[in-house]
Amino acid sequence: MNVSHASVHPVEEVPTTEGGGADQNLNAPRVRIKDIQGMPATCGGLCLRVSQLVFAAAALSVMASTSDFPSVTAFCYLVAAAGLQCLWSLSLAITDVYALLVRRSLQNYRIVSLFTIGDGVTSTLTFAAACASAGITVLIDNDLGSCAHNHCVQFETATGMAFICWFTTVPSFLLNFWSLASR
């Protein structure tokens, strides 16, 4: 892979400014000028990871604070998916902080592949859990009309936080996937 480095290498031949034609530019090495914000080891990527962590932790804590969430499988699934999202986002946020502190690029093929697969799995699980929880919440509230006996506000809040978490996970997945596909 031909990527520019920060160090300057000595040049044996002085490049000429004479027109070498378009054929000369075709074999020139590609240079990555700047990483797009939102990719790993960027400030935008760190902000996305922290927001994923915050919204997943909010969904997890709000849902787990109710006493009757274990009686519904979809709510248990939301707690499990939000917990997994919290762990994934925390580990990648720590990795991003380290990479930013030591000024290291995380554009290795294996690392980007791992991030892409992890983001794809966690975003799919979070979206499925949020959709299942939203369906149960609508069933309890609108169809059964038993919101007075349940914690509907907490269920709706946790479901909303899970959807917002998913909205912050999708850009991470798409940017990593685009980076992986453009190699």
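Guide: Let us begin with a term: a salt bridge is a side-chain nitrogen of Lys or Arg within 4 Å of a carboxyl oxygen of Asp or Glu. By this rule the count here comes to one salt bridge. Please keep in mind that this is a predicted model.

Visitor: What makes Asp119 and Arg49 a salt bridge?

Guide: Their side chains meet with 2.7 Å from N to O. The cut-off is 4 Å, so the pair of Asp119 and Arg49 qualifies at 2.7 Å. Asp119 belongs to helix H4 (residues 109-143) and Arg49 to helix H2 (residues 43-64), so the pair links distant parts of the chain, 70 residues apart.

Visitor: Why is Asp119 called buried?

Guide: Buried means under 20% relative accessible area. Asp119 has 0% relative accessibility, so it counts as buried.

Visitor: Which other residues of H2 are buried, and what do they pack against?

Guide: Besides Arg49, the buried residues of H2 include Gly44, Gly45, Leu46, Leu48, Ser51 and Gln52. Ala56, Ala59 and Met63 are also on that list. The buried residues of H2 pack against helix H3 (73-101), H4 and helix H5 (152-181).

Visitor: How do you know that the length of H2 agrees with its number of residues?

Guide: The expected span of a helix is 1.5 Å times one less than its number of residues. With 22 residues, H2 should span 32 Å, and its end C-alpha atoms are 31 Å apart, so the two agree. For H3, 29 residues should span 42 Å, and its end C-alpha atoms are 42 Å apart, which agrees. Just after H3, Arg103 has a positive phi of about 55 degrees.

Visitor: What is the overall pattern of the protein chain?

Guide: Along the sequence the pattern is α-α-α-α-α, with five helices and zero strands. Of the 183 residues, 36% count as buried. The chain exposes about 11,200 Å², and carbon and sulfur atoms supply 65% of that area. Among contacts with a separation of 6 or more, 80% come from residues 24 or more positions apart.

Visitor: Which residues does the UniProt annotation "transmembrane region" cover?

Guide: According to the unreviewed UniProt entry, the annotation covers residues 46-65, 77-102, 114-140 and 160-181. In the model, residues 46-65 are 95% helix and 0% strand, with end C-alpha atoms 28 Å apart. Residues 114-140 are 100% helix and 0% strand, and their end C-alpha atoms lie 39 Å apart.

Visitor: Let us turn to the aromatic rings. How many aromatic pairs does a search of the whole structure find?

Guide: The search finds five aromatic pairs. One of them joins Phe127 and Phe163, with ring centres 6.1 Å apart and planes at 75 degrees.

Visitor: Why is the pair of Phe127 and Phe163 called edge-to-face?

Guide: Rings pair if their centres lie within 6.5 Å, and planes over 60 degrees apart count as edge-to-face. The values for Phe127 and Phe163 are 6.1 Å and 75 degrees, so the pair is edge-to-face. Phe127 lies in helix H4 and Phe163 in helix H5, so the pair ties together parts that are 36 residues apart in sequence.

Visitor: Why is the pair of Trp166 and Phe167 called tilted?

Guide: Planes under 30 degrees apart count as stacked, over 60 as edge-to-face and the rest as tilted. For Trp166 and Phe167 the centres are 5.1 Å apart and the planes are at 50 degrees, so the pair is tilted. Phe127, Phe163, Trp166 and Phe167 form one aromatic cluster.

Visitor: What makes Ser172 buried, and which residues is it in contact with?

Guide: Ser172 lies in helix H5 and has 1% relative accessibility, so it counts as buried. Leaving aside neighbours within four places in sequence, Ser172 is in contact with Leu48, Arg49, Gln52 and Asp119. Arg49 and Asp119 are the two partners of the salt bridge.

Definitions and conventions:
Residues numbered from 1 in each chain as written. Heavy atoms only, no water. Helix = DSSP H or I, 4+ residues; strand = E, 2+ residues; numbered from the N terminus. Buried < 20%, exposed > 50% of the residue type's maximum accessible area, 1.4 Å probe, protein only. Contact = heavy atoms within 4.5 Å. Areas by Shrake-Rupley, 256 points an atom, 1.4 Å probe, with all protein chains shown as cover. UniProt positions renumbered as here; feature names shortened; annotations may be inferred. Phe/Tyr/Trp six-rings, centres within 6.5 Å; stacked < 30°, edge-to-face > 60°.
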